[in-house]
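Subject: Structure handover

Hello,

I am passing on the structure below, followed by notes on what was found in it. Please read them with the model open.

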Amino acid sequence: MNNLIRSTLLALTCSLPVIVTAEATEATGDAKITELITIDTAFNEMAQTIGIPEAFAHYLHKDALNLNGGYDGVPGAEVVAVYKQRRETLQMKWWPIASEIAASSDLGYTWGRFIEHVNHDDGTVEEIRGKYITIWKKNAEGEWKSLTDMGSIAVSYTH
């Protein structure tokens with residue numbers, strides 16, 4: 001796993017003569033449409049319509065690593081299993097703000113904002129807001145898939 005993380009970060013920092021960029025306006029959240037913005041938006045829309053686990057199963061790269069949980073990260077198959085377990089208690093939405101694609105056209109990232117609502121057994125709802133970054137890589141079929149995903153929590157409160 002450490003080699004995957006190292007390779008991904010090295011590839012991003014060394015190969016980003018950028019060919020596509022999207023900027024967002026803070027007030028409206030509108031972003032210029034780019035290929036990765038479109039894909040990340042479709043990822044979120046699939047999560048809203050057919051379910052979070054199904055969307056992750058569809059969009060995760062075969063070598064996916066989620067850096068939101070666990071000290072060493074969580075492999076993609078385990079991420080899907082966790083979302084299946086949390087299906088009844090978790091709602092999550094995200095909005096990509098910007099993206100960049102490397103000159104090689106096979107690696108890029110999106111970043112944006114997310115909101116999660118976690119329903120607890122005592123009837124309270126925890127709202128978590130933050131930012132995320134997703135590193136995307138084209139698979140052998142030329143499809144963009146999420147290679148690495150990581151979020152940072154900006155605020156969390158229960159009501």
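Setting aside neighbours within four places in sequence, Phe 56 is in contact (heavy atoms within 4.5 Å) with Phe 43, Val 79, Val 80, Tyr 83, Met 92 and Trp 94.

This is a predicted model, in which local features need pLDDT of at least 70 and side-chain atom pairs count only at pLDDT 80 or more, while totals for chains, interfaces and linings use all residues. Residues are numbered from 1 along each chain as its sequence is written, and side-chain values use heavy atoms, with hydrogens and water left out.

Confidence
The mean pLDDT (the predictor's confidence in each residue, from 0 to 100) of the chain is 83, and 79% of its residues reach 70 or more. Confidence is highest in helix H2 (residues 35-49), at a mean of 97, and lowest in strand S1 (residues 20-21), at 38. Helices (H or I, at least four residues) and strands (E, at least two) are DSSP runs, numbered from the N terminus. Over residues 8-31 the pLDDT is below 50, and this stretch has 49 contacts in the model beyond near neighbours in sequence. Where pLDDT is low, the predicted coordinates should not be read in detail.

Core
Phe 56 is also among the residues that touch the most other members of the largest nonpolar core, together with Phe 43, Ile 52, Tyr 83, Trp 94 and Trp 136; this core has 24 residues. A nonpolar core is a set of buried (under 20% relative accessible area, 1.4 Å probe, protein chains only) Ala, Val, Leu, Ile, Met, Phe, Trp, Tyr and Cys residues joined through side-chain atoms within 4.5 Å.

Pocket and cavity
On a 1 Å grid over the protein atoms alone, a cavity is a set of points where a 1.4 Å probe fits but cannot get out, and a pocket is an open set with protein on both sides within 12 Å along at least five of seven lines; lining residues have an atom within 4 Å of a point. Grid points are joined across faces, edges and corners, and a volume is the space filled by probe spheres set on the points.

The largest pocket has a volume of about 490 Å³. Its lining has 24 residues, with Asn 66, Asn 68, Tyr 83, Met 92 and Glu 116 nearest the centre. Strand S7 (144-158) gives the most to this lining, 5 residues.

The largest cavity holds about 40 Å³ of space. Phe 56 and Asn 66 are among the residues that line the largest cavity.

Regards

Note on methods:
Buried means under 20% relative accessible area, exposed over 50%, partly exposed in between (1.4 Å probe, protein chains only).
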